[in-house]
Amino acid sequence: MKIRPTDANGDILPVRTQGEMAEGGEAAGLLAAARLRLMKGDWAEEEGAGSPVLEILRGDSFGEDKLRELEACVTDVLRKTPGVAGVEDVRVRQEDRRYVYSCLLLTEDGTVPLEQDMEGG
């Protein structure tokens, strides 16, 4: 798999040659991060097809149960990402109304660290 590289904000960077494209583990990591960024504000057109992660974040309750539910849901999304063979060393921490998810993505080319913050509603 080859995808265009992105900057720290997730904006796609221009490339001039195929050699500048991200591939292998780097591409899988970029794709996984993009999937989590899209969950922050995207809503499905069909109400029943929305992201379960968004529904968890929209809830008012905070605490250990919500952290475990969020961890399981995000990990499931990442496991289904093309190029990702597994997810290890998963951690979710809460900072006020913000959640920070971190893990190691297992790819054919090794492990790729991932950290993404998500705002609670």
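Predicted model: local features only at pLDDT ≥ 70, side-chain atom pairs only at ≥ 80, totals over all residues.
Let's start with the largest pocket, which holds about 210 Å³ of space. Its lining is made up of 13 residues, and those nearest the centre are Asp7, Ala8, Leu30, Ala33 and Arg37. Two elements, α1 (24-39) and β5 (110-119), each put at least two residues into that lining. The biggest contributor is α1, which supplies five.

Now move along to α3, a helix of 16 residues covering 64-79. From first C-alpha to last, α3 spans 22 Å, close to the 22 Å you'd expect at 1.5 Å a residue. Quite a list of α3 residues is buried: Lys66, Leu67, Leu70, Cys73, Val74, Thr75, Val77 and Leu78.

Step off the end of that helix and you come to Thr81, in the loop between α3 and β3 (86-95). Is Thr81 buried or exposed? Thr81 counts as buried because its relative accessible area is 2%, and the cut-off for buried is under 20%. So what does Thr81 touch, once neighbours within four places in sequence are set aside? The answer is Ala28, Leu31, Ala32 and Arg35. With Arg35 there's also a polar contact, side chain to side chain, at 2.8 Å.

Notes. Residues numbered from 1 in each chain as written. Heavy atoms only, no water. 1 Å grid on protein atoms, 1.4 Å probe; cavity = no way out; pocket = protein on both sides within 12 Å on 5 of 7 lines; lining within 4 Å. Points joined across faces, edges and corners; volume = space filled by probe spheres on them. Helix = DSSP H or I, 4+ residues; strand = E, 2+ residues; numbered from the N terminus. Expected span 1.5 Å × (residues − 1). Buried < 20%, exposed > 50% of the residue type's maximum accessible area, 1.4 Å probe, protein only. Polar contact = N/O pair within 3.5 Å; in protein donor to acceptor, adjacent residues only side chain to side chain. Contact = heavy atoms within 4.5 Å.
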